[in-house]
Amino acid sequence: MLDRFHTPVRSEFSKLSRRMSRSFALFVLLFPMACSTTTTANSGKLTVIAEHGLMAELGETSGLICTADAQYTIADSGNSPTLYRIDDKGVIIESVDVANKNHDWESVTADDKYFYIGDFGNNAGKRKELLIHKVNRGDLTHDSLITFTYDNYDPKNNQLYAHDFDAEAMVARSDKLVLFSKSWLTKTLHVYHLDKQAAEQQIAPVIAIEGLPGIVTGADWDPFHNRYVVVGYNSSAFGIVDPFIAFLSEDYSLMDSFTLTGYGQVEGLCVKSEDEIWLTQENSPFSIAKLIKIKIASLAKSEAQ
């Protein structure tokens with residue numbers, strides 16, 4: 001039985017100050033994206049069907065994976081290196097430490113044998129060691145590491161929120177891990193492939209995608225419709241607003257995107273069923289952390305509208 005629970009040690013005041021500073025910086029960088037045109041949720045194609053507040057331990061939720069019998073999430077930098085199992089209302093039912101440290105966990109994905117937890121948050125572009133924890137699903141206390149670096153990565157020349165060597169979204173698919181960049185500088189989404197077996201890797205983009213309405217913070221593979229689903233956000237003057245969901249084809253062509261009006265910093269995404277997508281949202285000065293459930297109209301209905 002997994003029974004070790006943890007709470008962040010930072011004060012609520014320090015968290016609030018950090019988020020307000022980050023929100024302003026993000027506004028300066030991302031405001032031009034606010035003019036992007038997307039379809040709004042509850043338009044008939046996407047409908048929010050439920051939302052549930054998350055427990056304090058998950059205030060900085062940063063990833064979500066749905067398996068056949070459960071959902072799992074993680075928290076980002078400064079929190080414990082813990083994998084949380086949650087129920088369908090976002091309540092923690094089990095937790096376990098799966099590594100020694102959480103430098104900046106940003107994504108969790110899985111295949112039949114392993115969880116893959118991305119410790120590759122890199123807002124400042126200065127990290128020398130980018131990691132993926134490969135955790136045995138049969139023994140959550142045992143993990144190995146995949147380390148990687150980017151082609152043309154030069155940390156000394158990178159500036160906070162002004163480079164493309166950051167990532168918060170990763171998907172396990174077949175024999176590879178698909179990594180989606182968080183491209184602060186160019187706003188162009190870069191897609192990378194990593195080998196699940198190689199312990200050390202240097203990676204280069206396999207494709208670049210234009211036209212998304214913001215930066216990408218979460219992703220999953222939709223096996224029901226053979227497409228990727230990504231989530232992210234742009235920013236306004238007073239904080240992070242206007243998150244979006246977008247659909248990419250199997251070969252990474254942008255198919256469609258939808259604005260999620262009224263929500264904030266969405267970080268995790270999983271395809272729960274043929275017609276449902278679940279999201280997690282971090283807390284902020286303007287909103288609580290949430291589990292959000294969205295119903296997708298059928299492809300036939302979508303094409304008819």
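This is a predicted model: local features need pLDDT of at least 70, side-chain atom pairs count only at pLDDT 80 or more; totals for chains, interfaces and linings use all residues.

Me: How many disulfides does the structure hold?

Reply: There is 1 disulfide. Cys66 and Cys270 form it, with their sulfur atoms 1.8 Å apart. The pair links distant parts of the chain: Cys66 sits in strand β3 (residues 61-66) and Cys270 in strand β20 (residues 266-273), 204 residues apart.

Me: Are those two cysteines buried or exposed?

Reply: Both Cys66 and Cys270 are buried.

Me: Switching to rings. How many aromatic pairs does the structure hold?

Reply: It holds 14 aromatic pairs. One of them is Trp221 with Tyr228, which is edge-to-face at 4.8 Å centre to centre, with 65 degrees between the planes.

Me: Why does that count as edge-to-face?

Reply: Because planes over 60 degrees apart count as edge-to-face, and the angle for Trp221 and Tyr228 is 65 degrees.

Me: Are those two buried or exposed?

Reply: Trp221 counts as buried at 13% relative accessibility, and Tyr228 counts as buried at 0%.

Me: What sits over the ring of Trp221?

Reply: The charged end of Arg173, 3.6 Å from the ring centre. Another arginine, Arg137, lies over the face of Phe115, at 4.8 Å from the ring centre.

Me: Which residues do ring pairs link into a cluster?

Reply: Phe120, Phe148, Tyr150, Tyr153, Phe165 and Tyr192.

Me: Buried or exposed?

Reply: Asp222 has a relative accessible area of 1%, so it is buried. Not counting residues up to four places away in sequence, Asp222 touches Arg227, Val229 and Val271.

Me: Now the hairpin. How do β5 and β6 run, and how many bridges join them?

Reply: They run antiparallel, with 5 bridges joining β5 (residues 82-86) to β6 (residues 92-97). As an example, Tyr84 has Ser95 in β6 as its bridge partner.

Me: Which residue in that hairpin takes a positive phi?

Reply: Gly90 does, near 85 degrees, and the hairpin has 5 residues between the strands.

Me: Last one. Where's His103?

Reply: His103 is in the loop between β6 and β7 (107-110). With a relative accessible area of 39%, His103 is partly exposed.

Me: Why "partly"?

Reply: Because buried means under 20% and exposed means over 50%, and the 39% of His103 falls in between.

Me: What is His103 in contact with?

Reply: Leaving aside neighbours within four places in sequence, His103 is in contact with Ser77, Gly78, Asp119 and Arg127. For Pro81, the C-alpha to C-alpha distance from His103 is 8.5 Å, and the two are 22 residues apart in sequence.

Note on methods:
Residues are numbered from 1 along each chain as its sequence is written. Side-chain values use heavy atoms; hydrogens and water are left out. Buried means under 20% relative accessible area, exposed over 50%, partly exposed in between (1.4 Å probe, protein chains only). Contact means heavy atoms within 4.5 Å. Rings of Phe, Tyr and Trp (its six-membered ring) pair if their centres lie within 6.5 Å; planes under 30 degrees apart count as stacked, over 60 as edge-to-face and the rest as tilted. A charge sits over a ring if NZ of Lys or CZ of Arg is within 6 Å of the ring centre and within 35 degrees of the ring normal. Two strands pair if DSSP finds at least two bridges between them. Helices (H or I, at least four residues) and strands (E, at least two) are DSSP runs, numbered from the N terminus. A disulfide is a pair of cysteine sulfur atoms within 2.5 Å.
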